[in-house]
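Reader: Please take me through the side-chain contacts and surface features of this model, giving each criterion as it comes up.

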Amino acid sequence: MRSELELKKRYNRSKHHAWAGLGFLSVFLAITRFFSVSNLVSIPVTLILSSYIVISLIFTYRYREGLLLQEDVTLAEKEKLKLEKKRLKSELKTKKKENKN
């Protein structure tokens with residue numbers, strides 16, 4: 001269970017970093033369109049952000065089992081809640097019967 005939670009956390013963290021890198025790259029490229037930024041600055045920043053995104057995507061791919069586990073855990077939690085609801089409903093029925101008698 002611990003490793004499953006850790007796998008989910010790592011997947012979510014990697015996915016977050018990949019999206020953040022894409023956001024930063026988009027903002028930086030938009031800035032370079034409106035303001036003149038020398039190639040001496042724009043090329044290294046673009047390469048650094050691009051490599052950051054690629055590394056984050058590799059880690060996202062590496063921990064992709066966390067996504068599958070997340071769906072499985074959600075289904076298991078739903079089943080658990082459904083069973084709990086049935087149990088409470090049956091308890092309520094028995095209490096009503098006891099109160100009638």
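**Salt bridges, burial and a surface patch**

Author: The side chains of Arg87 and Glu84 meet in a salt bridge, with 2.4 Å from N to O, where a salt bridge is a side-chain nitrogen of Lys or Arg within 4 Å of a carboxyl oxygen of Asp or Glu. This is a predicted model, in which local features need pLDDT of at least 70 and side-chain atom pairs count only at pLDDT 80 or more, while totals for chains, interfaces and linings use all residues. Residues are numbered from 1 along each chain as its sequence is written, and side-chain values use heavy atoms, with hydrogens and water left out.

Reader: In which helix do Arg87 and Glu84 lie?

Author: Helices are DSSP runs of H or I with at least four residues, strands are runs of E with at least two, and both are numbered from the N terminus. Arg87 and Glu84 are three residues apart, about one turn of the helix, and the element that holds both, residues 65-100, is helix α3.

Reader: Which residues are linked with Arg87 in a network of salt bridges?

Author: Besides its bridge to Glu84, the side chain of Arg87 meets that of Glu91 in a salt bridge of 2.4 Å, N to O. Glu91 and Arg87 are separated by about one helical turn because they are four residues apart in helix α3. The residues linked with Arg87 in the network are therefore Glu84 and Glu91.

Reader: How many salt bridges does a search of the whole structure find, and what is the N to O distance between Glu6 and Arg10?

Author: The search of the whole structure gives a total of three. Glu6 and Arg10 both lie in helix α1, four residues apart, about one turn of the helix. Their side chains meet in a salt bridge whose N to O distance is 3.4 Å.

Reader: Is Ala18 buried or exposed, and at what relative accessibility?

Author: Buried means under 20% relative accessible area, exposed means over 50%, and partly exposed lies in between, with a 1.4 Å probe and protein chains only. Ala18 is found in helix α1, and it counts as buried because its relative accessibility is 4%.

Reader: Which residues is Ala18 in contact with, leaving aside neighbours within four places in sequence?

Author: Contact means heavy atoms within 4.5 Å. The C-alpha atoms of Ala18 and Leu57 are separated by 5.9 Å, although these residues are 39 residues apart along the chain. With the sequence neighbours left aside, the contacts of Ala18 are Ile53, Ser56 and Leu57.

Reader: Which residues does Ser14 touch, not counting those up to four places away in sequence?

Author: Ser14 also lies in helix α1, and Ser14 counts as buried because its relative accessibility is 9%. Beyond those sequence neighbours, Ser14 touches Ser56, Phe59, Thr60 and Tyr63.

Reader: What accessible area do Val27, Ile31, Phe34 and Phe35 have together?

Author: Patches are made of residues with over 30% relative accessible area and no salt bridge, like charges being joined within 9 Å and nonpolar side chains (Val, Leu, Ile, Met, Phe, Trp, Tyr) within 5 Å. Accessible areas come from the Shrake-Rupley method with a 1.4 Å probe, and for residues only the protein chains shown count as cover. Ile31 counts as partly exposed because its relative accessibility is 38%. Val27, Ile31, Phe34 and Phe35 form a nonpolar patch on the surface, and their accessible area together is about 460 Å².
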